Amino acid sequence: MNIEKIYNKAYDWLINYGPRFLLGMAVLFIGLWLIRLVLNRSHQGLHSKDVDPTLRPFLMSLIGVALRVLLILGVMQIVGIQMTLFAALVGAFGVAVGLALSGTLQNFASGILIMLLKPFVVGDNIGTQGIEGTVSSIQIFYTLVTTYDNRSVILPNSLLSNNMIINISREGVRRLDIYYKFSNGVDINQTISVVNKTIDQEEHCLKTPERRIGISQLDADSFTMAINVWVQAHGFEDTKLILQRVLLQELKDAGIKIGGL
């Protein structure tokens, strides 16, 4: 008798809700396919309209989340789940979810601030939290930075909005500082002449702003020469390696010994 009742209830459920459930699943799968299509078209549209590369991933993520939420709500209506019940569940678990996702919500709000204030954009070289690299993408909740040795570092947006950020490349140029120590027996004028000639021949060094070459420290038996030259911010490390190698070779060829006694 109990089995018959269960069978009858199951049969009634299939008759009353089965078509709705099947229709809801069909709408879900078709909706997900349409969302992928919309996102692909949106990506192409943003690219063709030269939208800021910083905004593209953020807008795509935001559009994707909004469309999926609307799709799920629509499927719930089709299946017959009462929105009043859904609202009650949301209200009941709202506080708990808010506490659990407090860090995530902070990252979201920080992502919005980063997009609006633009302390950095995609392609900038930044330094923060002991990490230095190039901003690869800015997402809703995190920012991806690729270090100079090709490591991908995922930084929560709240960490970036609440801490100091050094934007290394925003100004376009950087000053490269090189220090060499020489004994007091070295001819200063000859050394400066060799350094100037080497920098003039190095294509990575800029003519303006003007370079500075002088004595930064005097000791009893030696002195330290400071070389301040301006270079492009992007490629700074490469220029530093090249210039130091060329300077070292030119000084050696001129018979000038680097170091103290």
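This is a predicted model: local features need pLDDT of at least 70, side-chain atom pairs count only at pLDDT 80 or more; totals for chains, interfaces and linings use all residues.
Residues are numbered from 1 along each chain as its sequence is written, and side-chain values use heavy atoms, with hydrogens and water left out.

**The sheet**

- An open sheet is formed by 5 strands in the order β4-β3-β2-β1-β5, with antiparallel pairing; two strands pair if DSSP finds at least two bridges between them.
- β4 (152-156) and β5 (166-167) stand at the edges with a single partner strand each, so one side of each has no neighbour in the sheet.
- β1 also pairs with β5 in the antiparallel sense, over 2 bridges, and Ile126 stands opposite Asn167 in β5.

**Strand β1 and its hairpin with β2**

- Asn125 stands opposite Thr134 in β2, and Thr128 stands opposite Ile131 in β2.
- The hairpin of β1 and β2 has 2 residues between the strands, and Gln129 takes a positive phi near 55° there.
- Asn125 and Gly127 point one way from β1, whereas Ile126 and Thr128 point the other way, and all are buried, a term that means under 20% relative accessible area, with exposed over 50% and partly exposed in between (1.4 Å probe, protein chains only).

**Ser137 in β2**

- Ser137 is found in strand β2, which spans residues 131-138, and counts as buried because its relative accessibility is 13%.
- Leaving aside residues up to four places away in sequence, Ser137 touches Pro57, Val122, Thr143 and Leu144, where contact means heavy atoms within 4.5 Å.

**The nonpolar cores**

- The largest nonpolar core has 19 residues, and Phe182, Ile227 and Leu243 have the most contacts inside it; such a core is a set of buried Ala, Val, Leu, Ile, Met, Phe, Trp, Tyr and Cys residues joined through side-chain atoms within 4.5 Å.
- Two or more residues of this core come from each of β6 (173-183), α6 (188-201), β8 (222-232) and α7 (236-253), and β8 gives the largest share, 5 residues.
- Apart from this core lies another, of 12 residues, including Ile140, Val153, Leu155 and Leu160.

Conventions. Helices (H or I, at least four residues) and strands (E, at least two) are DSSP runs, numbered from the N terminus.
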